[in-house]
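Please look at the sequence and the model first, then read the points below, which are grouped by topic.

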Amino acid sequence: MQLLRDKFKKVKMTSSEIQDEIVDDFSLFEDDMESKLFYLMDLGKKLTAMPLEHQSDEYIVKGCQSKVWLFPVFEDGKLYFEADSNTEITKGLVSLLIKVWGGKTPEEIMATELYFIEKIGMSRMIGSQRSNGFSSMIKQIKMYAFALLNK
Amino acid sequence: MTSVEQDIQIVRAQFPILHQEVNGKPLVYFDNAATTQKPLAVINALNEYYSLHNANIHRGAHTLADRSTGFFEDTRKLVQTFINAREPEECIFTKGVTESINLVAQTYGKKFLHAGDEVIISYMEHHSNIVPWQMICEEKGAILKVIPIHPNGELNLEVYEQLLSVRTKIVACVWASNALGTINPIEKIIELAHSKGAVVLIDGAQAGSHIAIDVQALDIDFLTLSSHKLYGPTGVGVLYGKRNLLESLPPYQGGGEMIREVSFTGTTYNDIPFKFEAGTPNIGDVIAFKYAIEFVLKRGLSNIAAYEQILLNHFVDGINKIKEVHGFDSIELIGTAQNKVAVQSFNIKGKHPFDVGMMLDARGIAVRTGHHCTQPLMTYYGIEGTVRASFALYNTTQEIDVLLSSINAIIKR
């Protein structure tokens, strides 16, 4: 976890700036969905490994098909996340979400409108499909942030 | 072009939806077990109904009501022919197979199930043929028993025979498995159940578009069918029941249409099929369903089945070639019964079905991934889910080659 926090402490960009950067990266692929998916899966592989003891049912964000594990830590007024998923594409998206929200204050998380997912052509991952743990993960993080703000 | 290819192009021309690109690639639609696409005849019938004939049925004294009623009952007559029921009244329209099964569970179960009685289902049932029985069994103190399967996806009939007893009141079994494609030997299943005095419900959701049905020859007590898996509109299902059985049942839902006379001291019920069709039915979709059945009958179910077997064999042969190149365990076929409809589940080693489904979609290929509403079956195989390709009469071997080369690319990556 220490490593993870160090990584995010260096990031000085706002959540919105990070989102813009992601959208920019993906724009290189234009409409090539297959390349986007391959890129996402590669990003997922680079996600900092989540300690196995945190991959328990307590931290699972369940979807019908893809599962996501999410372990939040609140320190120095900021939220940090360890996460993993059982599907490679979801894991890639999870890594992007953590990039956007990791190391941010609950205020910034609550104030962030997530637009990168739709802009990179992955809006189906946040739609009404209950099959996806990613959608629930977004809600879960917002809930953590909300709870911390109202402590 | 061969004559078969020419013929398929003529069929494909009747399905406008097939002629489009998805993610920049020609659509390859292999999710037919979830729902089939609709021919122009069905689409046009819907348009025509709402443009020219729309009226509520069975009671109106005006011309449109009379016309709509006639069209609606025409579909019922064609359903009767399609499954060879004795009379159209034995064919009840529901909103789908799920409702058809719930109807039987909540009426037959309500009246004839008692504490200690047994209901038998199989391991490969869709959740919609599990949960309604669990609900009524729990309510009545009845016991739910499950026919196990062999690893290839065939039912274990020896155990089925042992499960049957005089306590068995209902056997509810799928004709063709949505996840495995297995065609079950329902003739034998029915014969054995009847020998113990049990009634049999056959879930024909996946059978209707592949197998010719004769409810009299098979002595089926209850049969369910789905319009939308049979090239017809969504929101329409059929429940066939033998007249004497249907007449012995209490109503399912109360409301309009299903009554004969209503007073505050008591209500008498209408005859079948209306007793089970409370409220305004899905008139337009039922009327359009007729054109789907006509389409299938015109092609001929034996022709359809023969062609779909060619597609299935082409796919399985292709998978076996992939195994030769990439290793026997590179890809696993789930559901390898002798007798199958054109449905094939598989898993690629080390790849989650969801990722495979997304990658195939990127190439324009529509398949289904997940547990296919058969979680107990997935538990049996020790897997979370599968990728399922299901073929229909408008698919081609060229499309299957696209799927095979995409699977190859995913394995190689």
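**A glycine in a loop of chain B**

In chain B, the loop between strand 6 (143-147) and helix 6 (157-163) holds B:G153. Helices (H or I, at least four residues) and strands (E, at least two) are DSSP runs, numbered from the N terminus. The model is predicted, and local features need pLDDT of at least 70, side-chain atom pairs count only at pLDDT 80 or more, while totals for chains, interfaces and linings use all residues. Residues are numbered from 1 along each chain as its sequence is written, and chains are lettered from A and ligands numbered from 1 in the order in which they are written.

- B:G153 counts as buried because it has 25 C-beta neighbours inside 10 Å. A residue is buried if 20 or more other C-beta atoms lie within 10 Å of its own, exposed if 12 or fewer, and partly exposed in between, with C-beta atoms placed from the backbone.
- Leaving aside residues up to four places away in sequence, B:G153 touches B:S177, B:L180, B:T182, B:G335, B:T336 and B:A337. Two residues are in contact if their C-beta atoms, placed from the backbone, lie within 7 Å.
- B:T182 lies 29 residues from B:G153 along the chain, and their C-alpha atoms are separated by 6.4 Å.

**The two domains of chain B**

- The domain assignment of chain B gives domain 1 (3-30 + 301-412) and domain 2 (43-298); such bounds come from an automatic or database domain assignment.
- Taken over C-alpha atoms, the centres of domain 1 of chain B and domain 2 of chain B are 29 Å apart.
- Between the domains of chain B, 25 residues of domain 1 are in contact with 21 residues of domain 2.
- On the side of domain 1 of chain B that touches domain 2 of chain B, at least two residues each come from helix 11 (301-326), strand 14 (343-348), helix 13 (375-381) and strand 17 (386-390) of chain B.
- Helix 11 of chain B gives the largest share of that side of domain 1, five residues.
- That side of domain 1 of chain B has 13 nonpolar, nine polar and three charged residues. Ala, Val, Leu, Ile, Met, Phe, Trp, Tyr, Cys and Pro count as nonpolar, Asp, Glu, Lys and Arg as charged, and the others, Gly among them, as polar.

**A helix pair in chain B**

- Helix 2 (residues 40-53) and helix 10 (residues 283-299) of chain B have axes that come within 8 Å and cross at roughly 150 degrees. Axes are lines fitted to C-alpha atoms, for helices over the stretch in contact, and angles run from 0 to 180 degrees between N-to-C directions.
- Helix 2 of chain B is therefore roughly antiparallel to helix 10 of chain B. Angles under 35 degrees count as roughly parallel, over 145 as roughly antiparallel, 65 to 115 as roughly perpendicular and the rest as oblique.
- The contact of helix 2 of chain B with helix 10 of chain B has 11 nonpolar, one polar and no charged residues.

**Chain A**

- Chain A has seven helices and three strands, in the order α-α-α-β-β-β-α-α-α-α from the N terminus on.
- Of the 151 residues of chain A, 38% count as buried.
- In chain A, 68% of the contacts between residues at least 6 apart in sequence join residues at least 24 apart.
- The axes of helix 4 of chain A and helix 7 (residues 133-149) of chain A are 10 Å apart, at an angle of about 20 degrees, and the two helices are therefore roughly parallel to each other.
- The contact of helix 4 of chain A with helix 7 of chain A has eight nonpolar, two polar and no charged residues.

**Where the chains meet**

- 12 residues of chain A are in contact with 12 residues of chain B.
- On the side of chain A that touches chain B, helix 3 (33-45) and helix 4 (88-101) of chain A each supply at least two residues, and helix 3 of chain A has the largest share, three residues.
- Four nonpolar, five polar and three charged residues make up that side of chain A.
- Helix 3 of chain A packs against helix 12 (residues 353-362) of chain B at about 150 degrees, with axes 8 Å apart; the two are therefore roughly antiparallel.
- A:M33, A:E34 and A:L37 in helix 3 of chain A meet B:M358, B:M359 and B:A362 in helix 12 of chain B.
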